[in-house]
Amino acid sequence: MNGKAVETPALMPVYNVLKETIPVGELAGKFGAQAIMTNSYMLLKDEELREEVLSKGVHKLIGFDGIIATDSGSYQLMVYGAVETTNTEIVDFQERIGSDIGSFLDIPTLPDTYKPRAKEQLKTTLSRAKEALDAKFTVNAAIQGGKYADLRAEAAREIGKDFPLAAIGGIVPLMESYRFADLVNVIAAVKENLPADRVVHAFGLGHPMVFPLAALLGCDLFDSAAYALYAQDGRYMTDYGTLRLDEIEYVSCTCPICSEHKMGLKRLYGEDLTGALARHNLYVSFAMVERVKQAICEGGLWELVLLQARAHPALMRAVDALMGHSQWISELDPITKKTQFYRTGPESELRSEVLNAKIRLQRVSTANTLELQPFGPVNEELLDIYPFNGVFSMSDDVKPKVRDMAKLRAIMEYQFGKGAGELLPDGLRVKKSRNTRRIRWLYEGSEMVASVRASDHMIIPHDRLALKLKEKFQSPKLRVMLKDDAEATKCVVDGKSAMCKFVEEVDPGLRCGDECIVVDKKDKFIRCGTLMLSPKEIREFKRGMAVRTR
Ligand SMILES: [Zn+2]
């Protein structure tokens, strides 16, 4: 936006112009913040600052040229019950000071507000959203509704119609009181009802212990006033909770502040103490964002969430709530991941990967199975592929001997459907890697019909095998159908990727990472390739790659 980009998930530290805890230069420099948040209402209400910001703009006033998001005074509304401004005035003010992201004056509904009242407040919030439709900034469109899933869902559907950035508001009290199961249910109600391409901001969710959970549910932006507020209150954040300074007997954190002060932290006072605690809090917050990003890159976000949940019973309750949403998550979840699947405990049985695997296990017709928790009976031929490989390699069992053809045919069925194994003829020639002795290439005569991916042992069909799959399975199975668009079709024929906007239909049984067949509207074969997003995302994204063709 405005020529500036931010990599998500991202944490926006809140900068309080009237009460600086950490200077902006340090937030941008040492902490590497690409976006920060500040309160426009405070600027509007301070006569001197108002004149200054109106003449200079908010970027010059603060001294930050990254993305600046401004809040509207809703927080003050929540704390003090009233504000001296109107929706139109505060929207107009944020436009004039040059906010990249701005907010309308939504009504923050507390989680346990009496439902009819929450409903009334939501109505006001949604009508104020309408007034901000033409705002010259990216609107941080607030979704309210307290703890009520139906109100959150309604709000998400309304906000989703018009705004690319949605902000889940009114969740700070849930974070503060460790009501993480409620938090999960609120975020899920919103995410399930928003189009998949909307950026989602978890408004005020600034405690690192909930970042993995919120990221798994699809939150992209976090903001933290918490780092400074907790510091002012003598509170020290950790990945698994909050300590009061007087509870600390040993310092295990290795952030620059803790490394420097060690237990000397407790001898600091006044602004020195607040500054040190705020910096520590922010270091652990940014570090958790980095861990989340690393987990996303390697496909291990579930593992991060489940391991971290064991650090606090409230997080474990959140995991129970999370498992209630597994069905929905499984439709968005990739079918294969870079990292191995690890069973972390009994709750693993309800993970999205397990739900997807169980559906596919029903397609496989071989008779030899073994018990493999959390999946139940798994065909012996499938132990090399994701997600079974990781779990089996951690068990004490000896791998059963399986013939190559039996293995390949079972994997074909698992990937593509019952009967797909028959498409591999008896005379198939199997070539193995010289180093690992694992199957790598499949030939019919001199023609290579498929390769086997080294990382997860999945079969990558080439054109000849893909054509057979197309004949075997009726439309829409395994297909990504393109719109009648000569240009788009030509692109794919020429070997370019199929973009989401050119996709007419996609088999809902496919998952991100699946091998699929690209066809035109008459079901004519165009190419085969790998699905890069989930069917839901492909339907709802206007940009991005749907299929990477070969
Ligand atoms: Zn520290």
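What distance separates the centres of domain 2 and domain 3, taken over C-alpha atoms?

Modeller: The centres of domain 2 and domain 3 are 24 Å apart, taken over C-alpha atoms. Two conventions come first. This is a predicted model, so local features need pLDDT of at least 70 and side-chain atom pairs count only at pLDDT 80 or more, while totals for chains, interfaces and linings use all residues. Residues are numbered from 1 along each chain as its sequence is written.

The chain divides into domain 1 (10-229 + 313-323), domain 2 (328-461) and domain 3 (474-549); such bounds come from an automatic or database domain assignment. Where domains 2 and 3 meet, 12 residues of domain 2 are in contact with 11 residues of domain 3. Contact means C-beta atoms, placed from the backbone, within 7 Å. On the domain 2 side, helix 17 (326-332), helix 20 (404-416) and strand 17 (459-461) each supply at least two residues. Helices (H or I, at least four residues) and strands (E, at least two) are DSSP runs, numbered from the N terminus. That side of domain 2 holds 6 nonpolar, 4 polar and 2 charged residues. Here Ala, Val, Leu, Ile, Met, Phe, Trp, Tyr, Cys and Pro count as nonpolar, Asp, Glu, Lys and Arg as charged, and the others, Gly among them, as polar.

Two strands pair if DSSP finds at least two bridges between them. Strand 20 pairs with strand 18 (479-482) in the antiparallel sense, over 3 bridges. L482 has V503 of strand 20 as its bridge partner.

M481 stands opposite V519 in strand 21. Strand 21 pairs with strand 22 in the antiparallel sense over 5 bridges. V518 stands opposite R527 there. The hairpin of these two strands has 5 residues between them, and D523 takes a positive phi near 65°.

Strand 21 is also well covered. Buried means 20 or more other C-beta atoms within 10 Å of the residue's own, exposed 12 or fewer, partly exposed in between, with C-beta atoms placed from the backbone. E515, I517 and V519 lie on one side, C516 and V518 on the other.

Axes are lines fitted to C-alpha atoms, for helices over the stretch in contact; angles run from 0 to 180 degrees between N-to-C directions.

Next, the cores. The largest nonpolar core has 102 residues, and I168, I187, A202, L213 and A214 touch the most other members. A nonpolar core is a set of buried Ala, Val, Leu, Ile, Met, Phe, Trp, Tyr and Cys residues joined through C-beta atoms within 7 Å. Helix 14 gives the largest share of this core, 9 residues. Apart from that core lies another, of 55 residues, among them F416, M458, A498 and I526.

In strand 8, its bridge partner is A202. Strand 7 (165-168) and strand 8 (199-202) run parallel, joined by 4 bridges. Their open sheet has 5 strands in the order 1-9-8-7-6, with parallel pairing. Strand 1 (10-13) and strand 6 (141-143) are its edges, each with a single partner strand, so one side of each has no neighbour in the sheet. Neighbouring strands of this sheet are turned by 30° against each other on average, direction ignored. Helix 10 (180-193) packs on the sheet, touching strand 6, strand 7 and strand 8, and its direction makes about 160° with that of strand 7.

Note on methods. Contact = placed C-beta atoms within 7 Å.
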